Amino acid sequence: MKITAVVEKNDNNFYAITSDDVIAGCHFGGYSYSVQEAKADFMEGIKESLVTAKELGKDVAVLPEEIEVEFYT
């Protein structure tokens, strides 16, 4: 599965990573004062979305290691 994510920096030097993609109806994002930490937070958000979807009884046929993310600025 491929996810497209956009990295944006605001006026306070805070990075937000967002995506229009969803996993089983769950959305995710990443935030931090560095791009690296925001990317790590984004990836953690994906994992949490997978767990939440499964807890809600949704059929999730993808594993975290099968997800490829393309980050754009």
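What share of the contacts in the protein with a separation of 6 or more comes from residues 24 or more positions apart? Such residues account for 37% of those contacts, where contact means heavy atoms within 4.5 Å. The model is a predicted one, in which local features need pLDDT of at least 70 and side-chain atom pairs count only at pLDDT 80 or more, while totals for chains, interfaces and linings use all residues. Residues are numbered from 1 along each chain as its sequence is written, and side-chain values use heavy atoms, with hydrogens and water left out.

The protein contains one helix and four strands, and read along the sequence they follow the pattern β-β-β-α-β; helices (H or I, at least four residues) and strands (E, at least two) are DSSP runs, numbered from the N terminus. Its C-alpha atoms fill a box of roughly 40 × 20 × 20 Å, taken along the principal axes. The radius of gyration of 12 Å agrees with the value near 11 Å that a compact globule of 73 residues would have, given that the radius is taken over C-alpha atoms and the globule rule is 2.2 Å times the number of residues to the power 0.38.

The interior can be approached through its nonpolar residues. In soluble globular proteins, nonpolar side chains tend to be buried together. Here the largest nonpolar core has 17 residues, among which Ile3, Ile23, Phe42, Ile46, Ile67 and Val69 touch the most other members; a core of this kind is a set of buried Ala, Val, Leu, Ile, Met, Phe, Trp, Tyr and Cys residues joined through side-chain atoms within 4.5 Å. Strand 1, strand 2 and helix 1 each supply at least two residues of this core, and the largest share, five residues, comes from helix 1. Phenylalanine 42 counts as buried because its relative accessibility is 0%. Leaving aside neighbours within four places in sequence, phenylalanine 42 is in contact with Ile3, Ala5, Ile17, Thr18, Ser19, Phe28, Gly29, Gly30, Val69 and Phe71.

The structure holds three aromatic pairs, counted when rings of Phe, Tyr and Trp (its six-membered ring) have centres within 6.5 Å, with planes under 30 degrees apart taken as stacked, over 60 as edge-to-face and the rest as tilted. Phenylalanine 14 and tyrosine 33 form an edge-to-face pair, at 4.7 Å centre to centre and 75° between the planes. Phenylalanine 14 lies in the loop between strand 1 (2–9) and strand 2 and tyrosine 33 in the loop between strand 3 and helix 1, so this pair ties together parts that are 19 residues apart in sequence. At 25% relative accessibility phenylalanine 14 is partly exposed, whereas tyrosine 33, at 59%, is exposed. The rings of phenylalanine 28 and phenylalanine 42 have centres 5.5 Å apart and planes at 80°, so that pair is edge-to-face. It links distant parts of the chain, with phenylalanine 28 in the loop between strand 2 and strand 3 and phenylalanine 42 in helix 1, 14 residues apart. Phenylalanine 28 is buried, with a relative accessible area of 9%, and ring pairs link Phe28, Phe42 and Phe71 into a cluster.

Serine 19, in the loop between strand 2 (15–18) and strand 3 (30–32), counts as buried at 12% relative accessibility, and beyond four places in sequence it touches Ile3, Thr4, Ala5, Phe28 and Phe42. A polar atom of the serine 19 side chain lies 2.6 Å from the backbone oxygen of threonine 4, and a polar atom of that side chain lies 3.0 Å from the backbone nitrogen of aspartate 21. Serine 49, in helix 1 (residues 35–55), is buried at 5% relative accessibility and touches Cys26, His27 and Phe28, not counting residues up to four places away in sequence.

How values were computed
Buried means under 20% relative accessible area, exposed over 50%, partly exposed in between (1.4 Å probe, protein chains only). A polar contact is a pair of N or O atoms within 3.5 Å; within protein, one must be able to donate a hydrogen and the other to accept it, and residues adjacent in sequence count only if both atoms are side-chain atoms.
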